[in-house]
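Biologist: I am new to this structure. Please show me how to read a few of its features.

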Amino acid sequence: MTGEARQDFAFAFLSILFEGAPFILLGTLISGFIDIYMPPGMMDRFLPRNKTLAVIVAGLMGIVFPVCECAVVPVIRRLVRKGLPVSCALTYMLAAPIVNPITALSTWKAFTGPVMMIDGAAMPANAVMTVSRMGLGFLVAVLLGWVVARIPMVWVLRKRLVDELRNDLPDHKAAEHVHACCDHDDDHKHKNDTHACCGHDHSAQHTHKHEESSHACCGHDHSHDHAHEHKPDGSQRIVAAMRSAIKDFVDVGVYFSIGIAITALFNTGIAPGAAWLDSIANRQILAPSALMVLAFILSLCSTSDAFIAATLDKFTYGAKLAFLVFGPMLDLKLLFLYQTVLRKKFIFWMAVGLFATILLGAYYFQWFLNQQIVP
């Protein structure tokens, strides 16, 4: 690599890094404080009893509880064990990294500048891409949630997690949670209501006692977790939230830096003068498929991936949309994280469904645009 090529690479690398790093920091700070301060079962209280509406509301929860895909999978495992319906948990898991305000803001910033001509009207590219990304991501997540709500959970969850649910939850709740869909437990709520009439909240006490018994049977010492979760003072919680945020920032930063390096190398060393790349970028099906594969390999965070997508000048906005929606739902790191919660067969069919649905959405998005870029 010549000196000029190295300078171009360094400039491309640093420009993307400095644009995306603040959004990663903001997103991980919010995730850290949610991890420490959000009470168990809080999300479940927002869900309506209707299965269809519950999945829709779960898809919108990312607006209120913004987390990126790097942190959402461990949270989902805990939420499922707390009684959140699995269909709603998966919907939130897929939608939250895309519909959250940090991702929307970073997408808006990354695509600031170009203007699209849609039916003769000039539209700012950042507005179109932000709304389209959030809309398609939400739609795909909700569709998957509706499918999962109608199949037995033993087909979805790993056997070990199913066994944990059967042991941790009451018998009638476990049977409903494992074999049914999004229905809530009226009997459990009724018991909480009877406690409420005496003026005290016993839900935390019940959860505390139950968790103590379940931990005791496995022979592990959870005294540290007990002290941290049930009797922390204000300073301890802030420190714990900051530690969680720092850990997420370091983990995400590593993947982001690798993704930036690959993208900078691609833009400065491969893309210029590559005739084969032009043939891929101009194909209506091949272009979004190629960028979805790239998103899978790069494993970027949803709060920063838009800055990389915006630099892929040879590709259409439809292909970039596929990159921005598919990556936060399925990438290389998520593939390993999903296996801690979901069955491998379900992950395979979920991946096929996500790829096909997002490809179709990106194709029709590009067909609808029929765009021209105005300098």
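Biologist: With which side chain does the side chain of asparagine 126 make a polar contact?

Modeller: A polar contact is a pair of N or O atoms within 3.5 Å; within protein, one must be able to donate a hydrogen and the other to accept it, and residues adjacent in sequence count only if both atoms are side-chain atoms. Here the partner of asparagine 126 is the side chain of threonine 112, at 3.3 Å. This is a predicted model, in which local features need pLDDT of at least 70, side-chain atom pairs count only at pLDDT 80 or more, and totals for chains, interfaces and linings use all residues. Residues are numbered from 1 along each chain as its sequence is written, and side-chain values use heavy atoms, with hydrogens and water left out.

Biologist: Is asparagine 126 buried or exposed?

Modeller: Buried means under 20% relative accessible area, exposed over 50%, and partly exposed in between (1.4 Å probe, protein chains only). Asparagine 126 has 7% relative accessibility, so it counts as buried.

Biologist: How are two packed helices described?

Modeller: By the angle between their axes and the distance between the axes. Axes are lines fitted to C-alpha atoms, for helices over the stretch in contact, and angles run from 0 to 180 degrees between N-to-C directions. Helices are DSSP runs (H or I, at least four residues), numbered from the N terminus. H4 (residues 86-99) and H16 (residues 317-329) pack at about 135°, with axes 8 Å apart. Angles under 35 degrees count as roughly parallel, over 145 as roughly antiparallel, 65 to 115 as roughly perpendicular and the rest as oblique, so H4 and H16 are oblique to each other.

Notes
Helices (H or I, at least four residues) and strands (E, at least two) are DSSP runs, numbered from the N terminus.
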